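Here's a quick tour for anyone opening this structure for the first time. Have a look at the sequence and the 3D view, then read on.

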Amino acid sequence: MGNNGDVTRIVIIGGGPGGYEAALVAAQLGGEVTVVERDGLGGACVLTDCVPSKTLIATSTRMAVMSESAALGLQFSGGPDGIVGGLEVDLGLVNKRVKDLARAQSFDVAERLAYEDVRIVRGEARLTDPNTVTVDGVDLPADVVLIATGATPRVLPGAEPDGERILNWRQLYDLPELPEELIVVGSGVTGAELAGAYLSLGSKVTLVSSRDRILPSEDADAASVLQEVFLRRGMNVLSRSRAAGVQRTGDSVIVTLEDGRKVEGSHCLMTVGMEPNTRGIGLEKAGIELSRGFVKVDKVSRTAVSNIYAAGDCTGVLMLASVAAMQGRIAMWHALGEAVQPLKLGWVASNIFTDPEVATVGVSQKMIDAGEVNARTVMLPLFSNPRAKMQGFEDGFVKLFCRPSTGIVLGGVIVAPRASELILGLSIAVQQHLTVDQVAHTFAVYPSLSGSLTEASRRLMQESAY
């Protein structure tokens with residue numbers, strides 16, 4: 001119960017997935033909920049990051065499919081605008097659709113919160129003390145506080161974005177036309193996704209990677225497949241190349257690498273990580289512990305202050321919308337006395353929205369190779385799948401891990417079109433501790449890409465000694 005004797009007063013700072021999902025749970029459990037948001041409901045995830053980028057990628061993937069359809073017997077001889085022999089991108093229309101969908105999604109979030117009687121306050125919030133959140137001079141008393149302030153693109157000194165030629169990913173959707181020569185600095189998830197997207201849309205793309213391959217933190221087999229696809233489609237990938245600075249010269253940019261080489265293009269996109277939005281909001285004053293700027297939380301999203309919780313990118317746990325949402329829900333279940341299961345990162349499914357997509361769940365190949373986990377492995381190339389052959393999908397694979405003694409599914413990797421949809425079956429197997437025998441005896445549609453999951457399970461079932 002709250003200090004007013006009957007209702008728990010909950011103030012949530014930030015209206016992104018961690019904040020609004022927490023608000024819904026808290027309201028349904030009878031809390032008096034206030035969400036403070038400075039930009040718009042849905043937060044950066046909906047307005048500038050996840051929703052816009054995946055909308056853009058949906059267009060680029062469709063473009064790639066159409067461009068590579070000749071092998072299926074399709075030929076383009078013209079179009080309504082007299083375009084002969086190819087496709088053309090109207091980036092203005094693409095960006096309008098991106099921003100319209102983001103606004104619509106934000107409106108949907110606002111409507112849902114209003115339906116649950118969640119109070120929305122627009123403005124900048126800061127903690128005055130553990131039980132008071134101040135917004136533009138107005139104090140909001142709180143029995144429970146949730147910090148869900150997100151993160152901001154990191155700025156590399158000497159490569160500050162100008163919003164026109166030197167860009168972070170939140171500035172892409174104001175471009176009036178397609179970048180002719182795009183240099184992407186950073187080959188992590190965001191860099192790989194957007195480099196692949198603009199390549200498919202028709203830009204000449206150079207990807208600057210400081211490591212020996214793209215996606216250095218992901219499954220090495222998956223990264224290898226994706227890099228081969230990028231190279232085949234004409235991307236220039238500069239491995240072991242670290243950017244030292246970016247300079248604008250009129251209508252072009254020059255990226256200087258640490259070894260002195262220079263790369264020239266029309267635009268430069270900086271994708272060099274995120275910094276938490278935790279400065280200047282009174283966290284230290286309230287007794288909250290930070291690590292490298294991120295809010296330290298336990299597995300039920302609680303900070304060092306018993307009534308203050310945190311969720312999402314500001315915690316640095318895993319910068320995924322699904323994780324932020326689950327952290328927010330867990331925080332409210334715990335704060336309001338509900339039965340709750342602590343966050344289990346081993347159950348988190350993630351996806352890289354490149355073409356093909358890369359989806360993972362559970363233990364990784366790196367953990368197995370390092371001897372941290374004892375597992376039996378099978379990897380089936382996608383081109384062996386009947387449905388993949390029919391649709392002309394040649395790049396990708398399904399990789400499955402299980403315990404040698406019991407056959408319990410430990411995790412896996414799927415590299416395929418719409419891998420984000422295919423991974424759910426594998427996620428269920430991991431979370432429910434299913435064996436490869438159980439998965440192998442599950443019916444899959446024939447023909448289907450998901451049939452490779454049951455086929456991989458049959459292979460492991462035959463090999464496992466249990």
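Which residue forms a salt bridge with Asp100? The partner is Lys96, and the closest N and O atoms of the two are 2.7 Å apart. Keep in mind that you're looking at a predicted model.

**The chain as a whole**
- The protein chain folds into twelve helices and 25 strands.
- Its C-alpha atoms fill a box of roughly 70 × 65 × 50 Å along the principal axes.
- A compact globule of 466 residues would have a radius of gyration near 23 Å, and the 24 Å of the protein chain agrees with that.
- Buried residues account for 49% of the 466 residues.
- Take the contacts between residues at least 6 apart in sequence: 63% of them join residues at least 24 apart.
- The chain exposes about 21800 Å², with carbon and sulfur atoms supplying 50% of that area.

**Salt bridges within helices**
- Searching the whole structure turns up 25 salt bridges.
- In general, side chains of opposite charge can pair when their charged atoms come close.
- Back to Asp100 and Lys96: they sit four residues apart in helix α4 (residues 91–115), so about one helical turn separates them.
- Both ends of that pair are partly exposed, Asp100 with a relative accessible area of 30% and Lys96 with 48%.
- Helix α12 (residues 451–463) has a pair of its own, Glu455 and Arg458, which are three residues apart and separated by about one helical turn.
- The closest N and O atoms in the salt bridge between Glu455 and Arg458 are 2.9 Å apart.
- Glu455 is partly exposed at 25% relative accessible area, and Arg458 is partly exposed at 32%.

**A salt bridge across the sequence**
- Asp219 and Lys399 also meet through their side chains in a salt bridge, at 2.9 Å from N to O.
- Asp219 is in the loop between β11 (204–208) and α6 (220–232), while Lys399 belongs to strand β24 (residues 397–402), so this pair ties together parts that are 180 residues apart in sequence.
- Are these two residues buried or exposed? Asp219 is buried, with a relative accessible area of 11%, and Lys399 counts as buried too, at 1%.

**A look at helix α7**
- The buried residues of α7 include Val323, Gln327, Ile330 and Met332.
- Those buried residues pack against β1 (9–13), α1 (17–28), β7 (144–147) and β20 (308–310).
- Just after α7 comes Gly337, which takes a positive phi of about 80°.

- Met66, Leu72, Leu74, Phe76 and Leu87 make a nonpolar surface patch of about 410 Å².
- One of these residues, Met66, lies in helix α3 (residues 50–67) and counts as partly exposed at 31% relative accessibility.

Key
Residues numbered from 1 in each chain as written. Heavy atoms only, no water. Salt bridge = Lys/Arg side-chain N within 4 Å of Asp/Glu carboxyl O. Helix = DSSP H or I, 4+ residues; strand = E, 2+ residues; numbered from the N terminus. Buried < 20%, exposed > 50% of the residue type's maximum accessible area, 1.4 Å probe, protein only. Patch = residues over 30% accessible without salt bridge, like charges linked within 9 Å, V, L, I, M, F, W, Y side chains within 5 Å. Areas by Shrake-Rupley, 256 points an atom, 1.4 Å probe, with all protein chains shown as cover. Rg over C-alpha atoms; globule rule 2.2 N^0.38 Å. Contact = heavy atoms within 4.5 Å.
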